[in-house]
Amino acid sequence: MKIGIIVAMDRELHQLQSLFNGGNVMVQKCGIGKVNAALGAQRMINEFHPDAIVSSGCAGGHGDGVSVQDIVVSTELTYHDVYCGAAVDNITQYGQVQGLPVRYQADPWLLEKATTLSLDGVRLHQGLIVTGDWFVDSKEKMRDIVGHFPDAKAVDMESCAIAQTCYLNRVPFISFRVVSDTPLHDTDASQYHNFWDTVAERSFLTTRQFVESLLQSR
């Protein structure tokens with residue numbers, strides 16, 4: 001089984017490259033944002049031909065019990081900054097690209113493997129991840145997002161774009177995100193910066209455990 005891992009930033013790339021040594025796992029940086037994420041996913045599919053793709057990295061967390069360093073595993077994904085308008089039709093929903101799914105579902109097998117991990121001291125949450133081209137660094141922006149998606153567990157800038165690309169290419173996908181900050185409880189992104197200073201390395205060990213469980217299963 002060949003597994004592709006896509007991250008957005010150098011710091012995430014360095015964390016995960018130190019945990020994998022090639023072979024059936026490729027870690028690749030796409031860059032920040034939806035366009036970079038989609039291009040990176042397509043490049044990964046064209047060049048590496050993975051059996052599954054994992055979006056790994058950090059995200060802002062939301063919801064009761066979601067704290068910094070917890071893991072959010074996508075059950076489904078959508079965009080928080082896409083709106084095609086009611087003038088086009090009365091079917092397309094907020095967050096949906098017309099003609100494509102309202103929400104992209106995580107691959108059932110990948111989700112089952114993720115949620116049955118035996119994690120030492122790491123809390124894992126299943127749920128909706130919403131994606132948009134906006135680094136959420138204010139309570140006001142986070143309130144706006146969760147006003148549309150109150151069930152969102154995490155907010156990031158890449159996962160749904162990778163999900164859309166995988167959907168179009170029929171490649172199984174899941175997003176596996178470490179909570180770096182909780183914007184509704186943080187006013188100046190200090191949690192985000194402290195995350196990289198103190199706990200990021202230990203958090204990404206969970207991604208390694210997940211990927212290793214996939215390799216051992218097939």
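**Close-up views of a predicted model**

View 1. F135 is partly exposed, because its relative accessible area of 37% falls between the 20% limit for buried and the 50% limit for exposed residues. The model shown here and in the other views is predicted. F135 sits in the loop that links β6 (124-131) and α4 (139-148). G60 lies 75 residues from F135 along the chain, and the C-alpha atoms of G60 and F135 are separated by 9.0 Å.

**View 2. Packing of helices α2 and α5.** Two packed helices are described by the angle between their axes and the distance between the axes. Helix α2 covers residues 34-48 and helix α5 covers residues 159-169; the angle between them is about 35°, and their axes are 8 Å apart. The crossing of these two helices, α2 and α5, is right-handed.

**View 3. Residues at the contact of α2 with α5.** On the α2 side, the contact is made by K34, A37, A38, A41, Q42 and I45, which meet A161, I162, T165 and N169 of α5. By type, the residues of this contact comprise six nonpolar, three polar and one charged.

**View 4. The whole protein, for orientation.** The protein contains seven helices and eight strands. Of its 218 residues, 56% are buried. Among contacts between residues at least 6 apart in sequence, 78% join residues at least 24 apart. The protein exposes about 9,900 Å², of which 47% is supplied by carbon and sulfur atoms.

Technical notes:
Residues are numbered from 1 along each chain as its sequence is written. This is a predicted model: local features need pLDDT of at least 70, side-chain atom pairs count only at pLDDT 80 or more; totals for chains, interfaces and linings use all residues. Side-chain values use heavy atoms; hydrogens and water are left out. Axes are lines fitted to C-alpha atoms, for helices over the stretch in contact, and angles run from 0 to 180 degrees between N-to-C directions. Helices (H or I, at least four residues) and strands (E, at least two) are DSSP runs, numbered from the N terminus. A crossing is left-handed if the near helix is turned anticlockwise from the far one by less than a right angle, and right-handed if clockwise. Contact means heavy atoms within 4.5 Å. Ala, Val, Leu, Ile, Met, Phe, Trp, Tyr, Cys and Pro count as nonpolar, Asp, Glu, Lys and Arg as charged, and the others, Gly among them, as polar. Buried means under 20% relative accessible area, exposed over 50%, partly exposed in between (1.4 Å probe, protein chains only). Accessible areas come from the Shrake-Rupley method with a 1.4 Å probe; for residues, only the protein chains shown count as cover.
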